[in-house]
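Hello,

Here is the structure to go with your sequence. Some notes on what was found in it follow below.

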Amino acid sequence: AERSERGPIRAWIYSLALGVYCTTWTVFGAVGTAQGGGWAFLPIYLGPILVFVFGAGLLERLVLIARQQNVGSISHLIAARFGRSRPLAALVTVIALFAAVPYIALQFKAISASINVLSPSMRPVDASLLQDTALYVAIAMALFAMLFGAREASATAQRRGLLIAVALESVVKLASLIAVALLALFMGEHAWTGAITRVAADPNWSVQEFGTLGFISQTLLAACAIVCLPRQFHVAVVECSDPADLKLARRVFVGYMVLISLCVLPVAWLAPDLVGSGNPDHLMLRLPLENGHPGIALLAFVGGLSAGTAMVIVVSVALSTMMSNDLLMPLLMRIKRLGLQGDVDLSAWVLGCRRFSIALLACLAFAFYRVGGGSDTLASYGLLAFSAVAQFAPALIASLYWRNASLPGVAWGLAGGFTVWVYTLFLPQLSAAGWLSGEFLQHGPLGITALAPQALLGVSGPDPLTHGTLWSLLVNCALLIGISVRR
């Protein structure tokens with residue numbers, strides 16, 4: 001009887017914890033994307049909804065195999081299918097690290113920007129390091145992640161306290177979005193006619209946008225991200241105590257995503273009538289502030305802070321586990337003078353490696369935010385990370401459903417797809433930040449235009465994100481299938 005009573009509560013906590021998918025990009029960046037790009041904000045929510053509606057078998061299979069194989073991370077799952085290959089696990093971890101850095105930088109950027117909006121006096125005149133609020137946000141989040149997320153040496157131990165905290169933060173996020181959306185509806189009740197006319201005349205809000213290549217590719221990226229992001233895999237698969245919880249989780253998570261999507265619309269549509277010009281990513285804060293509702297602005301800030309904190313903690317838990325198990329500990333075990341052979345208790349070393357990994361993640365993300373971002377929009381950071389973790393999707397599907405998939409095929413597919421991702425998406429981001437010459441983007445290396453990163457082989461029609469995503473996944477799948485068939 002006690003177990004049956006705990007079952008529904010556990011299932012609800014698990015279902016709400018899946019909301020860790022919604023980060024500061026959701027709380028602040030979705031409205032900014034909708035303001036400038038219309039329906040361009042929707043694919044990030046539509047992809048996960050499609051997976052949870054039509055991919056129940058995939059999710060259940062992932063959970064069951066993870067429990068059977070005692071899996072603690074996505075790198076562990078993919079490597080377990082191919083003889084627990086350490087090099088393959090290390091490759092997956094390196095790709096995940098490259099994906100996590102811009103995504104964590106997104107949290108630092110959004111939270112520091114929201115602090116500056118709420119308290120303009122804290123905004124530095126110059127961009128010096130010690131005056132940047134993002135530095136202190138990064139330090140605080142890294143310390144919090146070390147204290148709260150790196151307390152157990154076991155990679156597969158389920159952290160119920162962490163799951164409850166993430167579930168509560170999901171409720172806070174949703175409450176903040178609903179509060180701002182209701183305020184927009186109340187304040188703009190006399191502006192709806194003009195707003196609808198303006199939206200109807202904007203081609204970005206046309207139904208035809210749903211069929212564009214960019215919309216479809218971003219939906220594909222989001223569908224891959226809901227299972228391939230290390231933090232999402234950790235919550236959805238590793239922290240799932242009972243596969244039966246997925247039945248409720250599917251309904252709750254889909255409803256959660258629909259509600260958040262609906263909250264974006266009134267704010268984006270009515271903002272031109274309620275808020276002055278400025279950065280669209282700040283609309284969630286500026287709308288209540290500029291209309292005399294500082295309490296709701298504070299609630300929106302708390303929602304964004306909850307979203308960023310939950311994301312950083314969970315990704316720190318997931319990625320520090322991968323880095324310590326797949327990169328750092330195997331390296332330390334080879335150093336004989338450390339005496340880590342035999343029956344030595346390695347728990348202290350494992351925890352030390354995880355805390356070092358969390359600190360390293362924070363440092364790399366802050367460095368990317370300072371010198372490598374190259375864009376003012378939150379969406380550009382998130383989509384860069386989504387396109388990186390999408391490289392895991394072919395290997396994950398092949399490991400689950402294709403018996404003839406081979407270790408060389410998966411390894412070469414991941415390496416090839418990741419290389420193309422770095423060349424077509426990551427390097428252009430650094431070029432936009434001033435680290436590389438603009439000639440490199442336009443004319444390619446050594447003036448070979450066919451190798452231009454954003455127009456490979458002369459294909460320059462799609463937007464840069466779609467171009468890089470499709471090329472990287474094409475190379476990934478071609479290598480995986482071709483080499484597996486031959487070997």
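Serine 15 lies in helix H1, residues 2–17; helices are DSSP runs of H or I with at least four residues, strands are runs of E with at least two, and both are numbered from the N terminus. The model is predicted, so local features need pLDDT of at least 70 and side-chain atom pairs count only at pLDDT 80 or more, while totals for chains, interfaces and linings use all residues. Residues are numbered from 1 along each chain as its sequence is written, and side-chain values use heavy atoms, with hydrogens and water left out.

Serine 15 has a relative accessible area of 1% and is therefore buried (buried is under 20%, exposed over 50%, partly exposed in between, with a 1.4 Å probe and protein chains only). Leaving aside residues up to four places away in sequence, serine 15 touches Asp245, Leu248, Ala249 and Val252 (contact means heavy atoms within 4.5 Å).

Next, helix H12. Of its 30 residues, 21 are buried, so H12 is mostly covered. H12 runs over residues 245–274 and should span 44 Å, and its end C-alpha atoms are 42 Å apart, which agrees; the expected span is 1.5 Å times one less than the number of residues. H12 bends by about 25° at alanine 268, and proline 272 follows within four residues (the bend is the angle between axes fitted to the seven residues ending there and the seven starting there).

Finally, the loops. Asparagine 70, between H4 (56–69) and H5 (74–81), is not a glycine but has a positive phi of about 55°. Its relative accessible area is 48%, so asparagine 70 is partly exposed.

Regards
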